[in-house]
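Please look over the model shown here. A set of questions and answers goes with it.

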Amino acid sequence: MSQLFEQHIQVNAQHLDALGYVNNVVYMGWMQDVALAHTTALGLSLQDYVRLNHAMVASEHHVKYRKACFVGDELILRTWLGELTAFTSIRYYLFYRPQDQAIVFQANSVFACVELSSGKVKRLSPTFIQAYQPLDAAIEPTNFIV
C-alpha cells in the first residue's frame, strides 16, 4: 500500500489570471508536477519510463474548483493512488490552504499504461504494479490536521 505525498507551494503573481485568481490551467500544471514528484519518489523517474519503454499517461481528468486562491496563499498539494486495474491507475488530488483550513481544489485522473515506442495501451508491468499500489485504507486523505 502507498502513502500520501505532499508538496508545499506559495501562489505567486504569475499563477493568476486576468481576474486576479489562480488560473485554471495552473491547477492542471500543479497536478502534473505533484504527480511526477510522487512517481519519482516511488522509484519511477522519466528516465525509468524511457528505459522500460512504457509510461503512465493521463487519459482523463475530473476537477472541482472549490475556493479561489490568491497571491501569497500557502498551499499543500496532496496526491495519492487509488484503484489499480490491469491497464490503468487512478490518482487523486486535494489542494489545501492551511490558513483557513480549506480544501480549495480536488481532482482525480485516470492514467493508462502506454508503450512508448508504439503508443499502444499495454498491461501494467510488475514494476508498475509494485510502485502504483493504492493508498492504505487506514489513511484518511482529507485529514490535514497534524
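This is a predicted model: local features need pLDDT of at least 70, side-chain atom pairs count only at pLDDT 80 or more; totals for chains, interfaces and linings use all residues.

Q: How many bridges join S2 to S5?
A: The two strands run antiparallel. Within this pairing, Lys64 stands opposite Gln106 in S5. The number of bridges joining S2 to S5 is 11.

Q: Why is strand S4 largely enclosed by the rest of the structure?
A: S4 spans residues 88–97. A residue counts as buried under 20% relative accessible area. Strand S4 is largely enclosed because its buried residues number 8 of the 10.

Q: Which residue of S4 is the bridge partner of Ile76?
A: S3 and S4 pair in the antiparallel sense over 7 bridges. A hairpin of 3 residues joins these two strands. The bridge partner of Ile76 in S4 is Tyr96.

Q: Which residue takes a positive phi in the hairpin of S4 and S5?
A: S4 and S5 pair in the antiparallel sense over 10 bridges. Between the strands, the hairpin has 4 residues. The positive phi, near 50°, belongs to Gln101.

Q: How far apart are the closest N and O atoms of Arg78 and Glu6?
A: Arg78 is in strand S3 and Glu6 is in strand S1, 72 residues apart. Arg78 counts as buried, at 5% relative accessibility. Glu6 has 31% and counts as partly exposed. The two form a salt bridge, and its closest N and O atoms are apart by 2.4 Å.

Q: Is Asp73 buried or exposed?
A: Asp73 meets Arg97 in a salt bridge, 3.0 Å from N to O. The pair links distant parts of the chain, with Arg97 in strand S4 and Asp73 in the loop between S2 and S3. Arg97 has 7% relative accessibility and counts as buried. Asp73 has 9% relative accessibility, so it counts as buried.

Q: Which residues do salt bridges that share partners join into one network?
A: Arg97 forms a salt bridge with Asp100, the closest N and O atoms being 3.0 Å apart. Asp100 is partly exposed, with a relative accessible area of 41%. Arg97 also meets Asp73 in a salt bridge. The network joins Asp73, Arg97 and Asp100.

Q: Which residues does Gly20 touch, not counting those up to four places away in sequence?
A: Gly20 is in the loop between strand S1 and helix H1. Its C-alpha is 8.3 Å from that of Val71, a residue 51 places away in sequence. Gly20 counts as partly exposed, at 27% relative accessibility. The residues it touches are Cys69 and Phe70.

Q: Which residues make the nonpolar surface patch of about 320 Å²?
A: One member, Phe70, is in the loop between strand S2 and strand S3. Phe70 counts as partly exposed, at 36% relative accessibility. The patch is made by Leu19, Tyr21 and Phe70.

Notes:
Residues are numbered from 1 along each chain as its sequence is written. Side-chain values use heavy atoms; hydrogens and water are left out. Buried means under 20% relative accessible area, exposed over 50%, partly exposed in between (1.4 Å probe, protein chains only). Contact means heavy atoms within 4.5 Å. Patches are made of residues with over 30% relative accessible area and no salt bridge: like charges are joined within 9 Å, nonpolar side chains (Val, Leu, Ile, Met, Phe, Trp, Tyr) within 5 Å. Accessible areas come from the Shrake-Rupley method with a 1.4 Å probe; for residues, only the protein chains shown count as cover. A salt bridge is a side-chain nitrogen of Lys or Arg within 4 Å of a carboxyl oxygen of Asp or Glu. Two strands pair if DSSP finds at least two bridges between them.
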